[in-house]
Amino acid sequence: MSFANQRNVLIHDRLGNLYNFQWHKEKVIYTHFDKYLKEYTSDVFVDDCTLEYDAVIDEENIVYFGYQRKDGKLVLMSLENGFWHENILGGDHTLNILNLNLFIYKQKVHMIYCIPANESDMCYRIYHHYYNDQEWKTFVVQDIKRKNLLNSFQIIKNEEILMLGFYDFLKDQEQIYIKEFDLEKEQWKNSIEITSSSKEKLYLDMFVEKNRILHVAYSEYVEGNLVIKYEKYKFENNQIKKLIEKILSNPSNCSYATFVKQNEKLWVIWTEYEQVVSCFTEDNGKTWSEPYLWKESKTIDFFRYKFNTNAQEIKAGYELNYTFGKGYPEFSFIGFGFLENVDQIPLKIGSNKKLEDMTRKKKVNHKETKAKEIKTKEKEIKRENIFGKELHVLQKQIKLLEEKIDEKFKRIEALGNQIETIEEKLKRFDEVEETVKHMDEYLKRKRRGFFR
């Protein structure tokens with residue numbers, strides 16, 4: 001048997017009724033289980049649907065089904081009191097939408113999807129709509145680029161947070177980003193890049209705790225094989241800090257990492273060789289069990305469900321957006337819970353050791369770089385101190401020179417005053433000498449006249 005990799009949505013209401021929407025041969029098959037009558041009904045729900053559809057349930061037990069018709073129209077249907085109602089969105093405009101996600105948040109119907117932003121289909125624009133007071137509000141969330149494949153979005157929602165996880169291709173690398181919706185301002189915050197590995201990545205799932213701890217799981221290529229990568233982050237002062245990074249699987253074809261929180265256990269479940277494999281942590285991601293192969297998955301066709309419920313007894317013990325499980329008529333889950341009928345898979349030392357060595361090397365390099373930066377800074381400070389001392393000495397010398405120059409100028413000024421005094425005296429002496437000369441000549445003339 002095998003993994004039936006097709007879009008599949010499973011909804012469980014508070015009364016125990018089930019609603020299943022499954023893609024099958026270009027149609028959506030709707031299966032309903034009535035808990036009171038204990039019977040199933042199954043039929044073709046829509047036959048003009050593309051691969052893009054989603055379904056959710058709100059607190060009032062209203063089921064919403066959103067999909068894109070083959071003619072490009074976007075349709076929202078709602079199941080109320082046993083009857084389906086249809087609302088065509090967007091008027092006469094047709095869209096080529098991808099990654100359609102429908103969800104309920106703060107008692108409002110929200111819809112996120114993207115459309116190609118240019119003819120090459122390498123760039124996409126993400127849109128966000130929600131229905132509020134009889135009208136749809138629209139936001140342009142983000143423009144993104146893809147490398148090879150357009151990876152699916154991941155949306156996290158609870159009473160405190162609405163977060164979108166997505167891939168974007170920038171500077172020749174494809175990384176995972178997150179973006180939050182500000183409920184008070186009704187606007188999207190700036191996106192944050194959380195991964196930094198240059199290796200190619202696929203798929204994505206996220207789980208967030210109320211204390212702003214973010215868990216991320218995805219597939220990453222290591223030497224031509226896919227491994228399940230786990231990372232843990234903490235939001236602090238409007239920034240995000242990586243706390244843990246681990247490889248949870250052996251190199252293989254590991255795909256579709258999926259978080260399930262079961263009481264105090266956090267599970268990561270994935271497919272490997274078309275079988276269900278999982279591991280868990282009981283200390284918030286610090287240590288993980290070795291992987292377990294769920295042997296039943298070898299003998300059945302199983303699906304990956306997008307799961308939604310408004311039943312409080314389920315929400316009290318479990319938190320999940322997706323899960324693996326059996327199809328109609330059992331609709332039971334697989335990959336977490338009691339470890340029965342499982343085989344433990346020994347982890348090859350090389351996978352995590354290589355990551356730990358790389359992480360250790362990065363830390364050593366970081367420490368060496370930091371040490372060099374500190375030494376460089378110390379040298380700069382030392383040079384600044386030496387320069388400061390030299391400058392202080394020079395300033396003192398300049399001050400002394402200025403004082404000496406002032407003293408010289410004062411002496412020159414005093415000499416100038418003395419010279420002026422001497423010149424005045426000499427001038428007066430010359431005047432007296434001239435007067436004496438005139439008197440002498442006068443007396444000589446008198447004497448000559450007297451003796452005549």
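**Rings, charges and cysteines**

Modeller: In this predicted model, the charged end of Arg 212 sits over the ring of Phe 235, at 4.1 Å from the ring's centre. Likewise, Arg 304 lies over the face of Tyr 322, 4.2 Å from the ring centre.

Biologist: How many aromatic pairs does the structure hold?

Modeller: There are 35 aromatic pairs. In one of them, Phe 3 and Tyr 256 have their centres 5.7 Å apart and their planes at 70 degrees.

Biologist: Why is this pair called edge-to-face?

Modeller: Centres within 6.5 Å make a pair, and planes over 60 degrees apart count as edge-to-face; the values of 5.7 Å and 70 degrees therefore give Phe 3 and Tyr 256 that name. Phe 3 lies in the segment before β1 and Tyr 256 in strand β22, so the pair ties together parts 253 residues apart in sequence. Both Phe 3 and Tyr 256 are buried.

Biologist: What makes the pair of Phe 280 and Tyr 292 stacked?

Modeller: Their planes stand at 10 degrees, with ring centres 6.4 Å apart. Planes under 30 degrees apart count as stacked, so the pair is stacked. Phe 280 belongs to strand β24 and Tyr 292 to strand β25, 12 residues apart.

Biologist: Why does Cys 123 count as buried?

Modeller: Its relative accessibility is 18%, and buried means under 20%; Cys 123 therefore counts as buried. Cys 279, at 0%, is buried too.

Biologist: How many disulfides does a search of the whole structure find?

Modeller: The search finds zero disulfides.

Note on methods: Residues are numbered from 1 along each chain as its sequence is written. This is a predicted model: local features need pLDDT of at least 70, side-chain atom pairs count only at pLDDT 80 or more; totals for chains, interfaces and linings use all residues. Side-chain values use heavy atoms; hydrogens and water are left out. A disulfide is a pair of cysteine sulfur atoms within 2.5 Å. Buried means under 20% relative accessible area, exposed over 50%, partly exposed in between (1.4 Å probe, protein chains only). Rings of Phe, Tyr and Trp (its six-membered ring) pair if their centres lie within 6.5 Å; planes under 30 degrees apart count as stacked, over 60 as edge-to-face and the rest as tilted. Helices (H or I, at least four residues) and strands (E, at least two) are DSSP runs, numbered from the N terminus. A charge sits over a ring if NZ of Lys or CZ of Arg is within 6 Å of the ring centre and within 35 degrees of the ring normal.
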